[in-house]
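Visitor: Could you take me on a close look at one part of this model, the charged side-chain pairs? I'd like to hear how they sit in the fold.

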Amino acid sequence: MKKITLALVIFLGVAACKTNPFTGKKVLNFYPNSQVFPTAFAQYDQFLTENNVVENTSDAKMITKVGQRISSAAERWLVANGYPGYLKDYKWEYNLVKDETVNAWCMPGGKIVFYTGILPITQSETGVAVVMGHEVAHALADHGAQRMSAGTLQQVGAVAGNVVIQDPNKLNIFNQAYGVGTNVLGMLPFSRSHETEADRIGLQIMAIAGYNPDEAAELWKRMKANSGGEAPPEFMSTHPSNDTRIANLTEWAPAAKQEAAKFGVTKYY
């Protein structure tokens, strides 16, 4: 038991080994880009071969244009704040996929997909910029690698419990309680914190890219209307509620404008 506990303590101590440049805080991430990115790039390429990628349309070109502006704004911020080589391993790519799902996502290293189903809700280039800023922020903050790290720790804890507990009845109770407890009290809040962080970072970089951050809350009002009020309670979800996001984005928009002004951006597309 002592050896296992010591091993876990060492493991946790090593885990927080990378700094989030946007918050200045140490984060749970012990998977280097050199390990995560090649796998993500391969999975992304495979996804593209298996799905209907929209090319050379006005919407597809808009997705690429907005993505390039957002990622360029992120690089400007990083260079200005002392992280000139932060994006050296990133390979940004932005694709539109024909699918009615209302979604967009980003893989580690900057591989982004928008589904056509989200475009009626984004409505405009600025609406796309809100979503793009959020997805680019996930990549910038290494949220994928952090989720992998958290998942590994969750597995290590489960293995440790199964090694220590010998009684079959107690082991069964432990496994059930551990699975529910680590998800509700650990993994789900961890995921929600990532979504909130991506909202805040995304708002900032979309403003630096020249897009009005006031539109972010308006987008999420449309997202809320589209959902028809059907959503799990926030504590059981991987994402903050629509109302929480709307309130946060409204509160943060003035600060995003102030940050953009540092880069000479005072007017928006």
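Visitor: Let's begin with K262: is it buried or exposed?

Guide: K262 is exposed, with a relative accessible area of 65%. Keep in mind that this is a predicted model. K262 has a partner, E259, and the closest N and O atoms of that salt bridge are 3.1 Å apart. E259 itself counts as buried, at 14% relative accessibility, because the cut-off for buried is under 20%.

Now look at D199 and R245, whose side chains meet in a salt bridge at 2.9 Å, N to O. D199 belongs to helix α7 (residues 168-208) and R245 to helix α9 (residues 242-261), so this pair ties together parts that lie 46 residues apart in sequence. Both ends are tucked away: D199 is buried with a relative accessible area of 7%, and R245 is buried too, at 3%.

Helix α9 also holds D243, which pairs with K224 of helix α8 (residues 214-227), 19 residues away.

Elsewhere, K65, R69 and E125 are linked in a network of salt bridges. Altogether, the count for the model comes to 10 salt bridges.

Methods
Residues are numbered from 1 along each chain as its sequence is written. This is a predicted model: local features need pLDDT of at least 70, side-chain atom pairs count only at pLDDT 80 or more; totals for chains, interfaces and linings use all residues. Side-chain values use heavy atoms; hydrogens and water are left out. A salt bridge is a side-chain nitrogen of Lys or Arg within 4 Å of a carboxyl oxygen of Asp or Glu. Helices (H or I, at least four residues) and strands (E, at least two) are DSSP runs, numbered from the N terminus. Buried means under 20% relative accessible area, exposed over 50%, partly exposed in between (1.4 Å probe, protein chains only).
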